[in-house]
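This report describes a ligand site and the pocket around it. The sequence and structure come first.

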Amino acid sequence: MNHQIVTLKPGLYFVATPIGSARDITLRALDILASADVIAAEDTRAMRRLLEIHGVPLGDRPLLSYHDHSGAPARDKLIRFLEAGKSVAYASEAGTPLIADPGYHLSKDASDAGFLVTSAPGPSAVVTALCLAGLPTDSFHFSGFLPNSKSGRRKGFEALKETQATLVFYESPRRLVEMLKDAVLVFGNDRQAAVCRELTKKFEEVQRGSLESLIEEFSDRTIKGEIVVLIDRGEPTAASAEDLETALKTAMETLSIRDAAEVVSKAHGVNKRKVYNLALKLKG
Ligand code: SAM
């Protein structure tokens, strides 16, 4: 038996569950699922299956369905359990709740009402894909799902054009090629990217290369499974002297000259000494 019955403080426990391989669940997650007074889940069938796989008895504990569009009444029901001093475990269908998944409104209402809100962290496709994509991870921007329409998707890409971070998107296999084609229109053929498919599962696949090469790779295939797309950042466009001055003045309101120069040089991709000298001039 992998789980233990533990005494949980009253409160809301967000529990991460596997994104593919069932054994990617933490022992603490199993303890919480085994011990919570109440279990709530985005998909109660998936939760029952998970409990069964890991030999965690549900017993006579309530198992309730909750997603953010269940609305206020379903949320209130869970909040009433918290008011009664109960521990409530919540899991989405797969991965980490709240990450392109329900849980935000529940988390907000429970914390606003002063209840303990805590988590049993674990798998998430965004972090797993970042480990495998071969793209920089010093800074990343998670965009979740882009809109389904072509124009919405392009607008989404345009808004991220200058972002100095690896861009991470969730995408459906049916739209992958269309999405990559739209990405080319905004970022160009040569932008490095990666497609991570079926992570942690039997047919896990990671393709890395330019957007153009990824379109070639996937165009003639029947694509199945779950997908994360990652796109490298481009070269920052040169900031004007005016932009630099404005950014420095703002930064120097709260930071030392040295720190302000560092922050602005990083944000605009401009040599640190050059920015530092400009900061000295502005200060003087
Ligand atoms: N909460 C989950 C998480 O923490 O990653 C994400 C849930 S979201 C509704 C589902 C999307 O996540 C899928 O459409 C896919 O884009 C991505 N995803 C989930 N599992 C995946 C996997 N095993 N491999 C690749 N992508 C996955």
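In the classes used here, Ala, Val, Leu, Ile, Met, Phe, Trp, Tyr, Cys and Pro count as nonpolar, Asp, Glu, Lys and Arg as charged, and the others, Gly among them, as polar. The model is predicted, so local features need pLDDT of at least 70 and side-chain atom pairs pLDDT 80 or more, while totals for chains, interfaces and linings use all residues. Residues are numbered from 1 along each chain as its sequence is written, and side-chain values use heavy atoms, with hydrogens and water left out.

| Side chain | Ligand atom | Distance |
|---|---|---|
| Asp101 | nitrogen | 2.8 Å |
| Ser124 | oxygen | 2.7 Å |
| Glu226 | nitrogen | 3.3 Å |

On its own the ligand has 570 Å² of accessible area (Shrake-Rupley method, 1.4 Å probe), and the protein covers 89% of this area.

The ligand takes the space of the largest pocket, as more than half of its atoms lie within 2 Å of the grid points. A pocket is an open set of points on a 1 Å grid where a 1.4 Å probe fits, with protein on both sides within 12 Å along at least five of seven lines, and lining residues have an atom within 4 Å of a point. The lining of the largest pocket divides into 20 nonpolar, eight polar and ten charged residues. Helix α2 gives the most to this lining, with five residues.

Definitions and conventions: Helix = DSSP H or I, 4+ residues; strand = E, 2+ residues; numbered from the N terminus. Polar contact = N/O pair within 3.5 Å; in protein donor to acceptor, adjacent residues only side chain to side chain.
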